Amino acid sequence: MKKVGIGLIGFGTIGAGLIKIIQQEKQVELKYVADLDIATPRSVEVNKSLLTTDANRVLNDPSIDIIVELMGGIQPAKKFILDALKNKKHVVTANKALLATHGDEIFQAAKDNNVYINFEASVGGGIPIIKALRDSFRSSDITSVLGIINGTSNFILSKMSLEKQTFASALKEAQGSGYAEADASLDIDGIDSAHKIAILSSIIYRTRIDMDHIYVEGIKHITLEDIQYAEELGYVIKPLAIANRDGNRLDVRVHPALISKEHSLSSVSDVYNAIYLCGNSIGKMMFYGLGAGQMPTANAVYSDIIDISGKTWTESSVIDDYSFTSCLDIKETAENRLRYYIRFSAVDKPGVLAKISGILGRCKISITSVIQKDRKQRGAVPIIMMTHEAKEKDIYTAIREIDKLDIIKRKSVIIRVED
Ligand code: HSE
């Protein structure tokens, strides 16, 4: 039987991992590997006759059935994928940035040309979350998604928390292990998580998510001392991506948050990812696994290829599991009611707590616990407060006013709490 022909565009870490699996499994035939750099040795040997710097040669080769796009970025990846679809080739991609920003156009092109597009490796590395959502959650039962979906950020915060490493050294280690994006700011500024939660929530809620409407906050401002105070209060700080449906509105945000040590997500450490779903009928469910790294991600790509190669291509395969049938409005983050961790840096003298709590009280914010440390830090002491549920808008109004007081020495730190 004729083997399915594969054309790979992008010979980076994941591409090399995919080739290792293809060579081992021998189920499909690798016809071409395109990359601008075909000279640098990789972690896998490839017959030189398969290497090309010309992606169009791959896109136009009639013996290729599936194009695997692993180059990342928006252009020229978008053009290559659209050309592949127009040429009636199925596509497998891990390109989260592209799908989050131009997914509707790409999925429409796949439908128009009656070909498949699989993208398991775009979210959660080796966790089969996309297939699970596409195949097994077809009702509108899911009400919220809470994810740790950036391995690099989770790795950094875990190393800071468990090994007291500095942010910079943990980031360097993540880069050395190949977890981080080529531009690591995509990881640590929360953009990679935003791309991934946009993809997940567009499948779950069947609505188009505009990236500009997602609230995004990275992890750069998280310090060892906040991790330590959170720990004293019974929490860990995790890089979360969240999508909650609230009636006809969707609350989508990415930010670090305190979660209770009792929560299943609290023990998801290092480069592991987890996607925690809540629904009216399903209750609570968590998908857990390696979220980044060469072989887990390459395995997801390979499984997508085998999934397509096993389909009956003669059938009319109109793909309708990525259509936007609902139209949810995005909820402003300022409208959310959450609990908050706030760290003030204040002078150590009588009356300070009364001034701070007076302003919080006027802004309708009530406090559940306070820790005041006597350790002097450049003339200031840290005061840590946990609040009851409060409106985010009120928190920011209060903190703006408090930070103007002359008893406050540095900008206060606010971290949301997700229960
Ligand atoms: N840089 C990404 C991460 C790779 O750290 O999660 C996997 O998408």
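**Figure 1. Helix H9 and the residue that follows it.** Arg206, with a positive phi near 50°, follows helix H9 in this predicted model. Helix H9 covers residues 191-205, and its 15 residues should span 21 Å at 1.5 Å a residue. The end C-alpha atoms of H9 lie 20 Å apart, in agreement with that expectation. Of the 15 residues of H9, 14 are buried, so the helix is largely enclosed by the rest of the structure.

**Figure 2. Confidence of the predicted model and its stretch at residues 314-319.** The protein has a mean pLDDT of 94, and 96% of its residues reach 70 or more. Over residues 314-319, by contrast, the pLDDT is below 50. In the model this stretch has 11 contacts beyond near neighbours in sequence.

**Figure 3. Strand S10 and its pairing with strand S9.** Strand S10 comprises residues 249-260 and is mostly covered, with 11 of its 12 residues buried. Strand S9 (residues 235-246) runs antiparallel to S10, and 12 bridges join the two. Within this pairing, Pro239 stands opposite Pro256 of S10. S9 and S10 form a hairpin with two residues between the strands. In this hairpin, Gly247 adopts a positive phi near 65°.

**Figure 4. Parallel partners of strand S10.** Strand S8 (residues 215-216) is joined to S10 by two bridges, and the two strands run parallel. Tyr215 has Arg253 in S10 as its bridge partner. Strand S13 (residues 329-330) also pairs with S10 in the parallel sense, over two bridges. Here Asp329 in S13 is the bridge partner of Arg249. Strand S18 (residues 408-418) is linked to S10 by three bridges, again with the strands running parallel. Opposite Ala257 stands Arg416 of S18.

**Figure 5. The hairpin of strands S11 and S12.** Strand S11 (residues 272-279) and strand S12 (residues 283-290) run antiparallel and are joined by eight bridges. Three residues connect S11 to S12 in the hairpin. Gly279 has Gly283 in S12 as its bridge partner.

**Figure 6. The six-stranded open sheet and its edge at strand S3.** Six strands form an open sheet in the order S3-S2-S1-S4-S5-S6, with parallel pairing. Its edge strands are S3 (51-52) and S6 (117-118), each of which pairs on one side only. Strand S2 (residues 28-34) runs parallel to S3 and is joined to it by two bridges. In this pairing, Val33 stands opposite Leu51 of S3.

**Figure 7. Domains of the protein and the interface of domain 1 with domain 2.** The domain assignment gives domain 1 as 5-125 + 294-309, domain 2 as 129-290 and domain 3 as 335-417. The centres of domain 1 and domain 2, taken over C-alpha atoms, are separated by 26 Å. At their interface, 17 residues of domain 1 are in contact with 18 residues of domain 2. About 1400 Å² is buried between domain 1 and domain 2. Carbon and sulfur atoms account for 59% of this buried area.

Methods. Residues numbered from 1 in each chain as written. Predicted model: local features only at pLDDT ≥ 70, side-chain atom pairs only at ≥ 80, totals over all residues. Heavy atoms only, no water. pLDDT = per-residue confidence, 0-100. Contact = heavy atoms within 4.5 Å. Buried < 20%, exposed > 50% of the residue type's maximum accessible area, 1.4 Å probe, protein only. Helix = DSSP H or I, 4+ residues; strand = E, 2+ residues; numbered from the N terminus. Pairing = 2+ DSSP bridges. Expected span 1.5 Å × (residues − 1). Domains from an automatic or database assignment. Buried area = accessible area lost by both parts, 1.4 Å probe.
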